[in-house]
Amino acid sequence: MSEHGTWTITRAEVGPERSRPQRWGELGTIMRAELWERADHPFPTDAPGYRRIGEHRVSAIVATLAEEPPVYCRDEDGNQPSELIGEDGWLFKIYVRPATSQEAADTLAEEAVAAEHARLRQQRLELFGLGPGTDGVIPSADEVQLQGAVMVPYGAELERGIDSYVPADEIRVNQARGEAWLLVYNGRDGDNWEASNCGSRIAIRYPLTPERAQLVTELRAQYEAATWCSEGVGTEAAAELIRAGWTLERATLSLGAFALRTGEDAATFLARPWEEWERAGWGETYRSYALRGFAAADAAQLADAGIPFRTARALQGAGRTTVEEILRARPPQIPDDAGRIVVPPRGGWSAYVTSDPQLARDWLAQRPEEWRPEGLETTPGVRPVHVTDKWSLWDDGALVSGTWMEAGRYPQIRTADRPTTLPVGAVAVLNLIVGSHTTVPRSVWQDLLEATAHQVDVVEHDEHREYRYGSDKVLRRHSLVTPGGERWLWEVWSGQGGMFDGEGDSYESYDVYDDEGAARLAYRDIKLK
């Protein structure tokens, strides 16, 4: 205590000495704190959040006026402050005053919400108890009737976080049947799975008494809007949807295509009957889209243009970032004399290849994600010589890596002709070339296209093993029979992998050489780990 109207608060942090301990109460910090008071310097009883917790101790909302540098105290020195008797640690000291009503408003509001949450939690545990003496009944699986039972949020969704792998318990209410249900998750390791009567849950039925009905009303008032926000729906929009009779469960399963943030968003969405949204292709059921949908006004414009959500989303992925660009988007134009048609690879996908212009048009019409600004590649006047699932060889000498395009839906799948004119040895060569980590020049394989036979021999193999991890390298000789005699290609392969924290990981690749010396040098340069 330094002067009238100021109080001193100390705090200890037990532990080893650090060069820069974290600060406790910077100038202007507003917080609830416990303080000692003396008879000649009482703390004002009208301070925000004031309550007495002992004969000489009070708790209130305070504002920091100043802080002293923290001091490290060692117990061996023999002069420890009372907060650190028998311990080594840091001592913090700040000077505070009572906060004003305006300064304390946010803290008091947070405390009021926390107190209400605690009250509702206690009441929920009492009314939906699991122990003896409750009126809950665990029916057989055949007697669990959840149709028409609406989920009631109670805060668990917010506390668990979106990444928790264990489902929260659920409360569901069927007003018409006068029933309330508690669905307790029972699928953890160590749970008695045979006790489940509703999938991986134990369903407990309670009568919907007036007390439970009142609790349900209070839970919805406290948690529903906040839980909607966790699903990507803004507070104002959630309030409008709730007033229109939408439930959180229905919204979670139905509003994945939309980004509803404001009351205006919700009003625009509600102005169109849900059945119309569904017919227009905007009844998206995938929950993962909840945080990245379209504003209702944009969705309405796209729906009126006959563009369903999945097409709009695919076009966004193809680089159309505005509604205007989506509305203008068209598939790439393919001329009738396109010859070789290649849709370049996207992300981790392979390229797609065909020689049929109409088939390519049909294929692109069903895949708006491929309507990219960079378009596609065409080479007029060429025809395929040999086609496999991984590559195609063309009469201009080009070897194209990619999937041979198919259009339509099973069982009516269409594809362009797939000529197979190469001998087996040549096919083996090109399979090897296409899979190489580095590009193999055409000069290496061009004169091997008449190879009639192929044999692989392991020349060298080394490995290294350590606990759950291993690495290998292999030198292989590919012998090829050609009209001009026997030829060889050399493959230098390496791979590594193992188990890490219960997850498997592996990697492998190879390079192709036409010179034995270069291959052996590359093999020696690979270091096993």
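This is a predicted model: local features need pLDDT of at least 70, side-chain atom pairs count only at pLDDT 80 or more; totals for chains, interfaces and linings use all residues.

Me: Why is V152 called buried?

Reply: Buried means under 20% relative accessible area. V152 has a relative accessible area of 0%, so the label buried applies.

Me: Which residues does V152 touch, leaving out those up to four places away in sequence?

Reply: V152 is in contact with I171, V173, V216, L219 and R220, with residues up to four places away in sequence not counted. As for L248, 96 residues apart from V152 along the chain, the C-alpha atoms of the two are separated by 8.3 Å.

Me: What about R212: is R212 buried or exposed, and how do you know?

Reply: The cut-off for buried is under 20% relative accessible area. R212 comes out at 4%, so R212 is buried. R212 is found in helix α3, residues 210-230. Not counting residues up to four places away in sequence, R212 touches L127, F128, D135, Y206 and P207.

Me: Now the largest nonpolar core: which members touch the most other members?

Reply: This core has 42 residues, and L255, F258, L260, F269, W277 and W282 touch the most other members. Helix α8, residues 296-304, gives the largest share of this core, with five residues. Apart from it lies another core, of 21 residues, including L432, V444, L489 and W493.

Me: And what does F269 touch, not counting residues up to four places away in sequence?

Reply: With those left out, F269 touches L241, W246, L255, F258, L260, W274, W277 and A296.

How values were computed:
Residues are numbered from 1 along each chain as its sequence is written. Side-chain values use heavy atoms; hydrogens and water are left out. A nonpolar core is a set of buried Ala, Val, Leu, Ile, Met, Phe, Trp, Tyr and Cys residues joined through side-chain atoms within 4.5 Å. Buried means under 20% relative accessible area, exposed over 50%, partly exposed in between (1.4 Å probe, protein chains only). Helices (H or I, at least four residues) and strands (E, at least two) are DSSP runs, numbered from the N terminus. Contact means heavy atoms within 4.5 Å.
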